[in-house]
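Subject: Structure handover and notes

Dear colleague,

Please find the structure below, with the sequence alongside. My notes on what was found in it follow directly after.

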Amino acid sequence: KIKSKYENIFDFAWKFQFRDIPTFIHKDYHDRMEIKYVKRFKETKLSRTDFQILKDLAEQKGFKTLCTGFDEPSIDLIESMGFNIIKVASCSLTDWPLLERISLTEKPIIISTAGGTSIDVDRVVTFFKNRKKEISLMHCVGEYPTNPKNLNLNQIKLLKNRFSEIPIGYSTHEEPNEFRAIQMAFALGADIAEK
């Protein structure tokens with residue numbers, strides 16, 4: 001095997017998302033399949049066994065594994081399955097019961113910041129730093145797909161200046177065939193990228 005000069009520069013992870021569907025979808029909406037998110041979450045639900053097969057395959061292929069947990073039962077599952085990293089979705093940035101549960105884990109934590117105010121981000125960073133947690137922050141835009149004019153990539157520099165001791169990254173939501181934003185994010189100093 002020829003060793004690439006880039007072989008040990010990057011760690012790659014396969015990202016999962018867990019939602020405890022019986023509690024994530026309000027009981028009054030469980031049968032409301034005309035609501036696109038209820039329909040999507042119910043129709044794409046996988047069993048723990050299905051997730052385990054995918055996680056094992058990712059690890060066999062040399063990937064680390066990370067998982068976004070959208071609720072406390074999902075964090076229990078992330079821990080019991082042995083994921084390497086926990087991701088906090090930007091919509092959970094101020095979900096304090098969830099953040100408290102995540103803080104009880106021994107996993108590194110990656111936190112997306114879309115839609116959060118500077119005060120929100122400061123509070124979350126302080127919360128996890130006071131608990132001696134290994135964290136990273138991700139700039140992202142909560143627009144799906146993100147229009148290139150709305151990427152606001154200079155936010156990466158702002159976060160790097162404000163939190164110089166924390167790895168800063170970029171979580172992209174633009175069209176799947178768009179790769180320039182990731183390149184620009186790295187040029188601006190991003191340490192992590194999620195696509």
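Helices (H or I, at least four residues) and strands (E, at least two) are DSSP runs, numbered from the N terminus. With that numbering, K132 belongs to the loop between helix 6 and strand 5. This is a predicted model, in which local features need pLDDT of at least 70 and side-chain atom pairs count only at pLDDT 80 or more, while totals for chains, interfaces and linings use all residues. Residues are numbered from 1 along each chain as its sequence is written, and side-chain values use heavy atoms, with hydrogens and water left out.

To begin with the backbone, K132 has a phi near 60°, a positive value in a residue other than glycine, and K132 is exposed, with a relative accessible area of 76%. Here, buried means under 20% relative accessible area, exposed means over 50%, and partly exposed lies in between (1.4 Å probe, protein chains only). N152 also has a positive phi without being glycine, near 50°; N152 lies in the loop between strand 5 and helix 7 and is partly exposed, with a relative accessible area of 48%. P145 is placed in the loop between strand 5 (135–140) and helix 7, and the peptide bond that joins Y144 and P145 is cis, with omega at about -10°. As background, most residues other than glycine have a negative phi, and most peptide bonds are trans.

In helix 4 (residues 72–81), the buried residues are S74, I75, I78 and M81. They cover an arc of only 135° around the axis (the arc of the directions from the helix axis to the C-beta atoms), which puts them on the same side of helix 4. These buried residues pack against strand 1 (13–18), helix 3 (48–60), strand 2 (64–69), strand 3 (85–88) and helix 5 (96–103), where contact means heavy atoms within 4.5 Å. Just after helix 4, G82 takes a positive phi of about 75°.

In helix 8 (residues 180–187), A181, I182 and A185 are buried. Their arc around the axis is only 100°, which puts them on the same side of helix 8. An α-helix has 3.6 residues a turn, so residues three or four places apart point the same way. Helix 7 (154–162), strand 6 (168–171) and strand 7 (192–194) are among the elements that cover the buried residues of helix 8, whereas the face turned away from the buried side carries the exposed residues R180, Q183 and A187. Helix 8 is followed by G189, whose phi is positive, near 105°.

Turning to the interior, a nonpolar core is a set of buried Ala, Val, Leu, Ile, Met, Phe, Trp, Tyr and Cys residues joined through side-chain atoms within 4.5 Å. The largest such core has 35 residues, and those with the most contacts inside it are F18, I102, I111, F128, L137, F163 and Y170. Helix 6 (residues 118–130) supplies the largest share of this core, 5 residues. A second, separate core of 5 residues includes I85, I110, M138 and I192. Not counting residues up to four places away in sequence, F18 touches, among others, F51, F70, I78, M81 and F83.

The structure also holds 11 aromatic pairs, counted where rings of Phe, Tyr and Trp (its six-membered ring) have centres within 6.5 Å, with planes under 30 degrees apart taken as stacked, over 60 as edge-to-face and the rest as tilted. W14 and F16 form a stacked pair, at 6.0 Å centre to centre and 25° between the planes; W14 counts as partly exposed at 31% relative accessibility, and F16 counts as buried at 5%. Ring pairs link W14, F16, F18, F51, F63 and F83 into a cluster.

Finally, the structure holds 0 disulfides, a disulfide being a pair of cysteine sulfur atoms within 2.5 Å. The sulfur of C140 is 9.7 Å from the closest cysteine sulfur, in C91, which is too far for a bond. C91 is exposed, with a relative accessible area of 60%, whereas C140 is buried, at 5%. C140 is also one of the residues in contact with S90, when neighbours of S90 within four places in sequence are left aside; S90 lies in the loop between strand 3 and helix 5.

With best regards
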